[in-house]
Amino acid sequence: MPSPPDAAPAADLACGRRILTRADALAACSESADGLTCTYLTPAHQAAAAMLRDWMSEAGLAAEIDAAGNVVGRLAGADPAAKAVILGSHYDTVRNAGKYDGRLGILAAIEAAAALRRDGDPLPFAIEIVGFAEEEGVRFARPFLGVDAVAGRFTPAMLLLEDEQGTTVADALRAAGHDPAAIFALRRDPFSLAGYLEIHIEQGPVLLDEGLPVGIVTAIAGATRYALTLTGMAGHAGTVPMTLRHDAAAAAAAIVLFVEERCRKTPGLVGTVGRLFVPDGAVNVIPGRCELSLDIRSGDDAQREAAVHDVLAFADRTARQRGVSLAMHELSRSPAVPCSPRLQALLTDAVARAGIAPRLLPSGAGHDAMVMADVADIGMLFVRCGNGGISHDPRETVTADDAGLATRILIDALAHFSDAA
């Protein structure tokens, strides 16, 4: 059960320090000597999995590494027939990563399960912790392989994906001691699950800017991505008058500014041109071609699609006005995934009981929760990041106080979970 208010800060700090110490230990499992890189089924990844399994066992959970490489721990409930609540996040990383993306959620869940087992009677339901093996999509250019197995979205074609060395997922699984065929039996029956809760660093600056340690996620944003290519006419930078130019980069610049202008108008909507490239560009040549990317996200699908429509229409008008051609190719389109209202309310109440003003906010990044939504109601608790909210970078940071507080809120939410059923 939650600590009494006067004891909470000291308990939070001790818990948070254990989490950060374990995050440091996990970070030592790296493919690189000068930074943290831990990609799917590499020796570093397998070492991290074994470490998580051992910590789950120490916490009193029945722990194993499943056929997909997920680390799974189970704490039985008082009622064997009751549905289970899954807690988790991912333990793989991007290249040159921070220590807390994904891993904070697993480590906090282990602390919560250990506290519940140590301090109180069994909950009515079972708790399962899943450290998902693959979320980032780094090694095989396909994200969510770990949670796809649990949600029943893993397909035989995924076993044929290859890394840069030509190793397939199936080969990597066998090399790590797993049976690829057994993955398809990992799907959880939705009727056996009461819900999924994930603690995750915010990966942004909103909570930090507002001075709040935690926030409740309302939805995981949908994303629409395009590749745009503008083709004009190259020419000598000194001899072609400004009025006679067909500058592909100038047209691209206008589009970039419009994306910023359009997305600033609507709270919760974000637009990014993350790639801007002039092939064969030179300081003394008018750009004849420019390639750019477009990434627009929102927790509201209609809002996002309206913005995409406006940006593409502006790009078309701009190309015609400037005498350049425009080619547009849709790369991907994924819908927003709302968090369960009842689990939002559960977390909101737990945050309020911790003496924190509840702050609801969307997630602009993708998470394992968005796949788990196929088989369970989902809820997410964001934890404040330091260093301007930076993530996917060695400067990613959280405090021990915030990590401990988030764990206390999770314990409280689990203690009241039946009230939200």
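In which loop is A67 found? I located A67 in the loop that runs between β1 (62–65) and β2 (71–75), where strands are DSSP runs of E of at least two residues and helices are runs of H or I of at least four, numbered from the N terminus.

I noted that this is a predicted model, in which local features need pLDDT of at least 70 and side-chain atom pairs count only at pLDDT 80 or more, while totals for chains, interfaces and linings use all residues. Residues are numbered from 1 along each chain as its sequence is written, and side-chain values use heavy atoms, with hydrogens and water left out.

I then checked burial: A67 counts as buried because its relative accessibility is 13% (buried is under 20% relative accessible area, exposed over 50%, partly exposed in between, with a 1.4 Å probe and protein chains only). Leaving aside residues up to four places away in sequence, A67 touches L173, H178, D179, A182, I183 and L186, contact meaning heavy atoms within 4.5 Å. A182 is 115 residues from A67 in sequence, yet their C-alpha atoms are 5.9 Å apart.

Next I turned to the rings, which pair if the centres of Phe, Tyr or Trp (its six-membered ring) lie within 6.5 Å, with planes under 30 degrees apart counted as stacked, over 60 as edge-to-face and the rest as tilted. I count five aromatic pairs by this rule. One of them, F132 with Y196, is tilted, at 6.3 Å centre to centre and 50° between the planes. F132 sits in strand β4 (residues 126–132) and Y196 in strand β5 (residues 193–201), 64 residues apart.
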